[in-house]
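Open the model in your viewer and keep the selection panel at hand. The stops below go chain by chain.

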Amino acid sequence: MLRKLIIAGLAGASMLATTQAFAQERGGVVNVATIGELTTLDPMTATGDLLGMVTQHFFETLYTFDKNWNVAPLLAEGLPEVSADGKVHTIKLRQGIVFHDGTAMTSEDVVASLKRWLEVASRGKLVAANLDKLEAVDDYTVRITLKQPFAPLTALLAFNNSAAVVLPSEKIGETLSEYVGTGPYMIKERKPDQYLQLVRFDGYKSREGEPDGFGGARKQYLDEIRFVPVPDANTRVEGAIAGQYDYADLLPVEAFDRLNGQAKTEPLVLKSFGWPMFIMNNKEGMMTKPGLRKAVQAALNSEDMLAAAFGKPDFFAVDGALYPEGYQWRSDAGIEPYNQGNPDKAKELAAEAGYDGKPIRILTSRQYEFHYKMAQVAAEYLKAAGLAVQLDVVDWATLVQRRAEPALWDIFITHSPFLPDPALIAPLPSSYPGWWASEAKDKLVVALNTEMDPEKRVAIWSDIQKLIYDEAPFYKVGNFNALSAKSPKLGGFTPSAWPYFWNAYLTK
Amino acid sequence: MRYVLQRLLGMLTVMFTVVTIVFIIVRVAPGDPAAVMLGPDATPADVEALRVRLGLDQPLPIQYVYFLAQLARGDLGHSIFLDMPVASALLDRAEPTFFLTLFAILIASAIALPVGIMSAYRRGGLFDQSVTTLTMLAASIPSFWLGLILIQVFAVRLGWFPVAGYGGPDASFLARMGHLVLPATALGVVSSALITRFTRASMLDVLNDDYVRTARSKGMGEFRVVMKHAFKNALIPVLTVVGLTAALLVSGAVVTETVFSLPGVGNLVVSAVLRRDYPVIQGALLVIAAIYVLINFGIDMLYLMIDPRVRY
Amino acid sequence: MAASSAGVDTPRISTLILQRRTLAIGLAVIATITLLAMLAPLIAPYAPNKLSIVNRLKPPSATWFFGTDEFGRDVFSRTIYAGQLSLMVGAAATALAGVVGITLGIVAGFFRKADGVVSRIIDAMMAFPDILLAIALVAALGPSLATVIIALGIVYAPRLARIVRASTLVIRELPYVEAARALGVPTWRIMTRHVLRNLVSPILVQATFIFAYAMLAEAGLSFLGVGVSPEIPTWGTMIASGRQYVGQADWVTIFPGLAIILTVLSLQLVGDGLRDLLDPRLRKDL
């Protein structure tokens with residue numbers, strides 16, 4: 001279906017080689033340097049790649065994605081049985097699954113978890129609007145009845161972002177006080193700003209067969225996985241070079257040459273990792289004026305932003321389409337307003353929109369250094385167009401809190417991996433901060449979600465892309481490749497937007 | 001004894017003033033503390049309920065009394081981000097800060113005391129002149145900048161010390177201390193300047209005193225004159241400066257901990273600012289100022305023990 | 001320092017000259033730095049915020065004396081321009097500390113009744129480590145250039161107040177001040193006529209050091225990302241953003257760092273020189 005992510009560079013190649021050359025050994029501890037501390041470990045209420053990356057080790061969902069980005073069963077026995085009208089989805093659960101606290105997982109837990117997901121998770125709410133009934137048929141069968149067919153349902157259930165994780169029913173509350181899941185690893189100790197220590201869960205029941213992306217069998221070679229928050233990117237680089245971290249997440253691209261040829265670490269490049277975006281506040285403040293959003297769109301120069309943020313040209317692509325080459329969703333519809341860098345036109349548009357000289361508040365974080373760099377370049381281009389700018393730099397966790405408050409910002413910067421289904425794209429629903437509400441959009445999104453014919457869905461998506469450029473609810477900056485670093489001793493590891501360390505092992 | 005009581009009373013009034021200043025700083029902060037604490041998802045009803053619970057609906061003087069009562073119970077408030085009592089958050093981070101400060105002061109003293117004595121003894125000479133310039137140079141270096149350079153040279157290029165952090169869950173005490181070598185050096189070198197200057201000045205004072213001249217005229221060896229008579233008497237003011245530097249070092253530690261990613265109190269405060277976690281800033285400010293006041297009091301008491309003449 | 005004694009004292013005059021020489025050197029350096037910063041628009045080869053993405057992280061050369069940063073901006077031009085703001089923040093904070101500190105100090109020293117309260121406040125303020133108090137104040141007031149200046153001004157005011165208070169206590173007991181009071185000269189005139197004039201030298205010396213500390217503190221705050229907004233070039237913000245590239249482009253960090261060191265060092269030389277020059281105890285010995 002979707003072309004799999006291409007693993008580039010020396011690292012990828014040598015890694016495949018190691019997988020075969022060394023035997024998988026049980027034991028060992030890996031230290032994973034992440035970009036910062038998390039406010040919560042509840043993957044339902046919050047979103048974010050870091051949260052998904054960390055929590056997927058101890059929380060599991062009914063479905064997940066295989067290495068070709070097809071939906072694959074995880075806690076479910078198999079793919080749902082769907083009624084002919086596309087409304088009734090019957091899901092059989094695997095038997096003998098236990099939670100970290102030793103209790104067994106039954107349909108009661110799954111129904112309670114999904115109920116919470118439908119209520120509190122931003123992606124769950126998308127389904128809730130369309131839900132007729134959620135019920136347990138027997139101890140190991142769950143049935144979801146929809147009002148209308150909903151194409152992205154299983155993808156949403158599979159996604160680790162705003163994830164439909166299965167929790168023990170008795171632990172479910174408005175906020176989670178304990179993080180008990182079914183994952184291959186469980187939390188032993190958490191020291192904020194220092195580490196999150198995960199240990200192997202001995203009661204884990206892996207799927208049969210071989211690992212396949214996030215799906216298939218999950219092997220538990222490592223004794224421990226430690227997530228160490230290291231907000232300073234330079235420290236992550238130096239720590240990887242010194243051998244302090246076995247894996248260092250999201251490094252500045254400039255570090256590539258330094259990582260190459262090191263003894264204790266090697267660079268890892270993930271092609272077409274994702275796309276940064278500038279989300280505009282469509283709900284409150286000056287950016288609610290369409291003219292001003294178009295002015296910002298006209299002012300921005302994507303090429304310079306990408307070059308400043310990602311350095312080497314091999315690490316980015318100036319591309320206005322929301323899916324890169326190789327994805328079935330790829331379309332060039334409507335992308336003319338992309339990458340204009342035209343201050344005069346921007347000035348004109350701003351004047352027409354009645355811009356009053358108030359500074360545009362750009363909310364960003366230095367934890368993702370490339371966000372911050374793009375913000376600085378953007379600020380210069382906006383200033384050239386006569387728009388005042390105020391950068392509000394906070395840490396990522398705070399940004400996530402503040403972006404929910406429409407009064408606090410005009411633009412915020414985030415990024416997303418290329419997602420298996422456009423219905424998963426975060427700023428599409430009007431509930432996502434940015435609050436893009438438009439009748440034209442609603443119509444198209446409903447069409448995208450209820451249409452079951454894949455080809456027609458692609459056509460609908462290309463109309464949505466055109467609308468995004470017409471209404472400018474957010475601005476896609478381009479495509480980028482991500483750089484991380486891993487120890488040459490770390491085997492069985494598959495680069496991913498959400499790196500996971502089950503299946504990984506340490507060689508001597 | 002009366003002197004001790006007097007000083008104790010003085011210390012308590014200063015402590016009280018410190019608390020008042022912190023109260024004022026926090027109340028100056030814009031926005032509703034209750035809304036800040038609950039975060040953006042809170043409903044107005046939740047905020048109002050918390051305002052009542054925190055006593056924020058009361059007039060300021062009553063709030064102030066509440067604040068004092070809360071502190072008297074040893075309650076420093078609750079961290080919004082970490083969702084734990086501020087006191088335990090601070091306690092969790094105390095170890096690296098304590099040892100960083102301790103090592104830095106040891107390094108600073110190890111440099112400053114001999115250099116300061118020598119410099120005073122050879123006053124005006126080439127050594128003294130170079131020392132004067134060098135101490136000024138050391139005091140001019142931003143400690144974070146020195147830290148960045150030390151990391152590059154000793155941790156990255158030479159690989160002698162860890163780059164950052166404080167070891168994992170099972171790092172031994174020794175391993176943790178190993179993480180402190182570079183930061184303590186950065187901090188110690190920068191703060192050695194003040195101690196060197198003070199040692200030199202105090203030594204100059206006593207070297208001119210009558211009893212030193214007497215000792216010298218009695219034909220005592222120079223080393224003994226300098227060390228036994230002069231240094232012993234210069235020790236009190238030097239100790240004062242060492243003590244006060246220790247307190248000032250906390251300032252340097254704030255920056256240094258961030259450079260070296262040490263999970264100390266300083267790092268906590270900086271993160272708290274970026275996280276808008278006001279209770280943590282408030283608690284850290286209170287505790288650190290209180291420690292400073294206590295150290296000051298301790299030094300006064302030390303004076304009393306070393307030199308009983310110090311009495312008003 | 002007690003009266004003269006043989007041996008140790010012989011080099012005193014030479015020391016004095018040397019210290020005047022350091023004063024001269026210090027003044028010359030700080031004047032040069034100030035001049036460079038003020039004339040930045042004439043001297044700087046590039047605009048400080050001019051992006052040139054193709055020329056990112058170029059090492060120092062004839063084209064870019066101090067190399068370029070991660071946005072291809074000229075580090076030399078930025079260092080000079082940053083000097084304007086860094087010096088301005090230091091000077092403004094010192095001025096504010098001066099106004100607040102001198103007022104508090106004189107009030108405490110001159111009016112016995114006020115002394116108790118003011119002295120306690122001074123003592124309590126001094127209990128906070130400077131950076132920490134500045135961080136808290138900036139956090140409370142909201143980060144901006146102005147709040148950084150206000151915060152640093154508040155942080156350093158007590159130091160000046162303490163010295164002014166001590167000197168005022170001495171001055172108010174001086175015979176001619178007492179005489180003036182006995183003659184019914186209004187208090188404010190005694191203050192301006194006699195007290196302030198006598199305070200000039202200790203204030204000048206202390207202000208020079210506060211200027212130096214304030215610049216270091218500003219750099220520290222900006223480095224931590226809790227001070228001046230990162231898109232405003234100061235030496236502190238320059239080091240903060242260069243930090244990412246210490247491994248492969250250390251010039252981005254080193255030059256602004258050297259600028260801070262040189263400035264603070266020259267200010268300390270001036271302060272030290274002034275102290276020796278103006279210290280009446282030394283003058284008496286001449």
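**Stop one: chain B**

Select chain B: it has 14 helices and zero strands. Helices (H or I, at least four residues) and strands (E, at least two) are DSSP runs, numbered from the N terminus. The model is predicted: local features need pLDDT of at least 70, side-chain atom pairs count only at pLDDT 80 or more, and totals for chains, interfaces and linings use all residues. Residues are numbered from 1 along each chain as its sequence is written, while chains are lettered from A and ligands numbered from 1 in the order in which they are written.

Colour chain B by burial. Of its 312 residues, 46% count as buried (20 or more other C-beta atoms within 10 Å of the residue's own, with C-beta atoms placed from the backbone). Now show contacts (C-beta atoms, placed from the backbone, within 7 Å). Among those in chain B between residues at least 6 apart in sequence, 72% join residues at least 24 apart.

**Stop two: chain C**

Select residues 187–224 and 235–242 of chain C, helices H8 and H9. They pack at about 35°, with axes 7 Å apart. Axes are lines fitted to C-alpha atoms over the stretch in contact, and angles run from 0 to 180 degrees between N-to-C directions.

Methods:
A residue is buried if 20 or more other C-beta atoms lie within 10 Å of its own, exposed if 12 or fewer, and partly exposed in between; C-beta atoms are placed from the backbone. Two residues are in contact if their C-beta atoms, placed from the backbone, lie within 7 Å.
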